Amino acid sequence: MNLKPQDIVVALGALLKQPATSTYQDRSIQLGMSVSEVHAADKRLQSAGLLAEGRPILAALEEFLIHGLRYVFVPEMGGMVRGIPTAHAGPGLSALIQGDDLPPVWPDPKGNVRGLSFSPLYRSAPGAASRDPKLYELLALADALRGGRARERQMAADLIRQHLSCALL
C-alpha cells in the first residue's frame with residue numbers, strides 16, 4: 001500500500017487532534033476531507049508504520065518528513081498567481097527568512113499575496129490551513145521540506161522537531 005499526499009495532511013492533523021481522542025468526523029472537518037478519506041489515510045499510515053493505536057509514531061514521522069517527503073511528494077511549481085503563502089513564506093519560517101524573491105504560494109483566488117505557484121500536498125490543504133493556524137504552520141513547514149533550499153529545509157526540520165517534541169506532551 002503506497003502513501004498518498006493526503007496521508008501526510010492527515011498525519012500532520014493527527015499531531016493536533018490525535019485519532020485516539022477524536023472522531024473521524026471531527027478530523028474530516030478539521031482537514032476538509034471526507035470521513036472515508038481520513039479513514040483510508042489512517043489505514044495507509046498504519047501500514048507505513050507512521051501511526052499505531054490511534055497515535056502518530058513520532059520518530060518515524062520525523063524521519064519521513066525530514067528525509068523522505070521531498071523525494072516522494074515533489075511539488076509542482078509554476079508562474080505568478082494570487083494565493084496563500086507557504087514554505088519559507090508561510091508561518092514559522094517567514095519571521096526567520098527574509099528574501100526579495102517572489103514568495104511560494106498555494107494558488108487561491110481569495111489569497112492576498114502574489115507569488116510563484118507551489119502545489120499543496122492535497123487540494124484541501126489551503127482551506128484546512130485557513131481554519132487552523134497550527135495546521136497551517138505544519139503544512140507550510142512540510143512544503144519547505146518538500147521544495148525549499150538547503151537552509152530553508154534545515155530550519156523547517158528544526159521547527160518540525162520542536163512541534164513533534166511538543167506533541168509528546
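Trainee: Quick one on Glu-53: buried or exposed?

Mentor: Exposed. Glu-53 has a relative accessibility of 78%, and the cut-off for exposed is over 50%. Keep in mind that this is a predicted model.

Trainee: Where is Glu-53?

Mentor: Glu-53 lies in the loop between β1 (51–52) and β2. Check its backbone too. Glu-53 is not a glycine, yet its phi is positive, about 50°.

Trainee: What about Ala-87, what's its phi near?

Mentor: Phi of Ala-87 is near 55°. That is a positive value in a residue other than glycine.

Trainee: And which loop holds Ala-87?

Mentor: The loop between β3 (77–85) and β4 (104–107).

Trainee: Is Ala-87 buried or exposed?

Mentor: Buried. Ala-87 has 3% relative accessibility, whereas Glu-53 is exposed at 78%.

Trainee: What does Asp-143 touch, leaving aside neighbours within four places in sequence?

Mentor: Ala-87 is one of its contacts.

Trainee: Which helix is Asp-143 in?

Mentor: Helix α6, residues 133–147.

Trainee: Why does Asp-143 count as buried?

Mentor: Because its relative accessible area is 1%, and buried means under 20%.

Trainee: Which side chain does Asp-143 join in a polar contact?

Mentor: That of Thr-86. The polar contact between the two side chains is 2.6 Å.

Trainee: Switching to strands. Where does Ser-117 sit?

Mentor: In strand β5, residues 113–118. Ser-117 counts as buried, at 15% relative accessibility.

Trainee: What is Ser-117 in contact with, neighbours within four places in sequence aside?

Mentor: Glu-76, Met-77, Gly-78, Gly-79 and Val-81 are on the list. Val-105 and Pro-107 complete it.

Trainee: How far apart are Ser-117 and Asp-101?

Mentor: 13 Å in space, C-alpha to C-alpha. In sequence they are 16 residues apart.

Trainee: On to helix packing. At what angle do α2 and α3 pack?

Mentor: About 105°, with the axes 8 Å apart. Helix α2 spans residues 24–31 and helix α3 spans residues 35–47. That makes α2 roughly perpendicular to α3, since 65 to 115 degrees counts as roughly perpendicular.

Trainee: Which residues meet there, α2 against α3?

Mentor: From α2, Tyr-24, Gln-25, Arg-27, Ser-28 and Leu-31. From α3, Val-35, Val-38, His-39 and Asp-42. The contact residues divide into four nonpolar, three polar and two charged.

Trainee: How many residues of α1 are buried?

Mentor: 10 of its 12, so α1 is mostly covered. The buried ones include Gln-6 and Asp-7, along with Ile-8, Val-9 and Leu-12.

Trainee: What do the buried residues of α1 pack against?

Mentor: Four of the partners you'd look up are helices α2, α3, α4 and α6. Helix α7 and strand β2 are also on the list.

Trainee: Which residues of α4 are buried?

Mentor: Leu-65 is one of them. Leu-58, Leu-61, Phe-64, Ile-66, Gly-68 and Leu-69 are buried too.

Trainee: What do those buried residues of α4 pack against?

Mentor: α1 (5–16), β2 (55–56), α6 and α7 (150–167). Note that α6 also holds Asp-143.

Terms used: Residues numbered from 1 in each chain as written. Predicted model: local features only at pLDDT ≥ 70, side-chain atom pairs only at ≥ 80, totals over all residues. Heavy atoms only, no water. Axes fitted to C-alpha atoms, helices over the stretch in contact; angles between N-to-C directions. Helix = DSSP H or I, 4+ residues; strand = E, 2+ residues; numbered from the N terminus. Parallel < 35°, antiparallel > 145°, perpendicular 65-115°, else oblique. Contact = heavy atoms within 4.5 Å. Nonpolar A, V, L, I, M, F, W, Y, C, P; charged D, E, K, R; others polar. Buried < 20%, exposed > 50% of the residue type's maximum accessible area, 1.4 Å probe, protein only. Polar contact = N/O pair within 3.5 Å; in protein donor to acceptor, adjacent residues only side chain to side chain.
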